[in-house]
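Please look over the chain shown here.

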Amino acid sequence: MTVAIVLAAGAPAAGLPTGTGEPLADRLTGQLRRAGADRVHTVTDLPALAALVDTVTGPVLVTGGDLVAHTAVLRHLATSPVGPTVALVLTDPPAAGATLVREERGQVVDAGPELPDATGVFGGALRVGADDLPALAAAARSAAVAPAAGVAVDRLFAALADLGTLTFAHRVRLLVAHRVADPAGLAAAEAALAGVDEDRAQLRLSVKERDDFFTTYFVSTWSPYVTKVCARLGLTPTGVTMISVLFAVVAAVLFGAGGRPALVAGAVLLYLGFVLDCVDGQLARYTRHFSAWGGWLDTMADRAKEYLVYAGLGYGATHAGFRYGWALAVAAMTLQTVRHMTDAWYGVLHDEAARRPRPAGPAAGGIGGKLNAASTRVQANTGSVSYWLKRTVVFPIGERWALIAVTAALFGPLVSLVSVLVWGVLAFGYTGALRTLRARWMWVPVLDTVDATLHRDDGPVAARLPVVRPMGPLTLAVLGALGPAVLLVVGLFRSAGDGDPGGLRWWLPVALVVLLVAGLGAGAAHNGPLDWLVPAALRAGEYLFAAVVGVVGGVPPWLVFGYVFVLTVHHYDLTARLEKRQAAPPLHAWTLGWEGRSVLLAVAAIAGFAAPAMATIGTYLLVVFVASVVLAWVVLPARAGRAAAVPVRGASPG
């Protein structure tokens, strides 16, 4: 349930007659209802707003009485998937007493009437999530005792920012939103409103403002038409996601079948599947159907589709006579997962850095600061060669799928996998080097802001290991990954020389002991400038150890791929929850931890049962994952819904 409040205090324009003759504040009331508000109240002062907020348990949409905007602007603000608290930010010249805003990475990091480095002006409307309602009530009471000059909604937002409430900026593109102060301003704003086709603008807005080169020029040029058709057919974003998964599965089968017609057909289906992968997000933005479940499913489906395609390419390369087709597929999946882990954690690092004071003194002028400034300049110069090179060199998903489709159709699965690995390694080296330098400049202990044990994926063994503090958790995690890496290289060389890698079985305990070195940092503080790399290093260590067990234990390569695939699904679940700052999966304690799974694999491999153990542990982990998904997205929400089915106290709607 969303409650909307029109705060008319200090806004003389609220009583001005609009083109239809009704006062502006009354028109806003109707727009808020059409935007999805269940109840709309009009209050005349901040104490009344605070008292009303005290009775509400769901999100609150607050607007001033001087806002002239398309209804879609209010709907987009109310349904924004970021948050929980989002503020409308405009580029209009600020009026007297307006609240200026400075934002970084979409977050409002400062707000007030005087702000020399402002990037925008508060638009007189904000959505406040349920968790931030106490802060909203406190801000209203604080602003009420301050001098009463200026529009009340501006004073309210400035007070909310002073309380440190994390607020995201909602920018207006293509649609119209202006704050007015007199009849002339109202007439000009209404003329601008009438000059825009609201539905056409919303369809164009469904496309991301900034995307990668291939997506921008080879998908988004025509995908909005598909989005419009899907909306008319009543398809949901989740339904489109499932269709895109089907396309990717069929493409993977065709890549595995081989033969030029099958490879070309697979490439076409892969491209169309990627178009639908873009359409599901566009449809969500166009219809405003967002949900935590949909966001989670989209993240999981994207990776599952890509890795199933790797499986098809691995099988196809092996079927065509290349001995290590499946090994390349496992390598591609491992590389991409580790890259994604660094992407996710670097994003969290950057978001945390934006909320904190900027470095001062020598740190501000170091190489990290210079790289950060250079990156900002390039990103601001949209459409330039440097801008597109920066976005393309990192090998985003559109470029990956395009490369797979073209190389598979023209040259076959083997070349496709090698191309993905080569570009992926180069991109990883480029982004890793630059991010490391910038991260040292930002120096944000990002893993201290979340549950490090959860996102390390530690199990009961790591919890009982002693802590080696002087070396740091990142050094220990990297050292732990080196043991399996060395043994894997030796095993592959022996296999390539027609030797018996099974003779290395007794070296598995050594590799396991080295891997468990990473667990010695489990209880240490993860507050180093590069400790955001720890989860990625742990993922690499576990996947490499699984590959070692596969090579040394004579496990069929497809089974090794399947086992690592299940591990990636489990770890992407954690990553998706990290990005949304959600709680741990309900059955996470049953997943045994990276070290627990590795110990079981090693014991079984030494006993000569590597393949059955890998199949059993993989199946067990998959069952736990499915059960956890059902609990998290079906059972527990249903229980919470029944518990929340209580009448909400509140004033009568105005």
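The model is predicted.

**Helix α6**

Helix α6 covers residues 183-194, 12 residues in total. At 1.5 Å a residue, this helix should span 16 Å; its end C-alpha atoms are 16 Å apart, so expectation and model agree. Its buried residues are L186, A189, E190 and L193. These cover an arc of only 100° around the axis, which means they sit on the same side of α6. An α-helix has 3.6 residues a turn, so residues three or four places apart point the same way. On the other side of α6, A184 and A191 are exposed. What do the buried residues of α6 pack against? Their partners are α1 (24-34), β4 (67-69) and β10 (177-179).

**Two helix pairs**

Two packed helices are described by the angle between their axes and the distance between the axes. The table sets out two such pairs.

| Pair | Angle between axes | Axis distance | Handedness of crossing |
|---|---|---|---|
| α1 and α3 | about 50° | 9 Å | right-handed |
| α13 and α17 | roughly 25° | within 10 Å | left-handed |

Take α1 and α3 to begin with. Helix α3 spans residues 71-78. The packing angle of α1 and α3 is about 50°, and the two helices are therefore oblique to each other. On the α1 side, L28, Q31, L32 and R34 make the contact.

Now α13 and α17. Helix α13 runs over residues 325-355, and helix α17 over residues 413-442. Their axes cross at roughly 25°. An angle under 35 degrees counts as roughly parallel, so α13 and α17 are roughly parallel to each other. Helix α13 has 31 residues. From its first C-alpha to its last it reaches 46 Å, close to the 45 Å expected at 1.5 Å a residue. Is α13 mostly covered or mostly uncovered? It is mostly covered, with 26 of its 31 residues buried.

T63 lies in strand β3, residues 60-64. Its relative accessibility is 0%, so T63 counts as buried. Beyond its neighbours within four places in sequence, T63 is in contact with I5, V6, L7, L28, L32, L74, G124, A125 and V153.

A439 is found in helix α17. A439 is buried too, because its relative accessible area is 0%. Which residues does A439 contact, leaving aside its neighbours within four places in sequence? They are L349, P529, L530 and W532. G528 is 89 residues from A439 along the chain. The C-alpha atoms of A439 and G528 are separated by 9.9 Å.

**Two positive phi angles**

Most residues other than glycine have a negative phi. L174 has a positive phi, near 70°. L174 lies in the loop between β9 (167-171) and β10. Its relative accessibility is 33%, so L174 counts as partly exposed.

L592 also has a positive phi, of about 80°, although it is not a glycine. Where does L592 lie? It lies in the loop between α23 (557-580) and α24 (593-606). At 26% relative accessibility, L592 counts as partly exposed.

Conventions:
Residues numbered from 1 in each chain as written. Predicted model: local features only at pLDDT ≥ 70, side-chain atom pairs only at ≥ 80, totals over all residues. Heavy atoms only, no water. Helix = DSSP H or I, 4+ residues; strand = E, 2+ residues; numbered from the N terminus. Expected span 1.5 Å × (residues − 1). Buried < 20%, exposed > 50% of the residue type's maximum accessible area, 1.4 Å probe, protein only. Arc of directions from axis to C-beta. Contact = heavy atoms within 4.5 Å. Axes fitted to C-alpha atoms, helices over the stretch in contact; angles between N-to-C directions. Parallel < 35°, antiparallel > 145°, perpendicular 65-115°, else oblique. Left-handed = near helix turned anticlockwise from the far one by under 90°.
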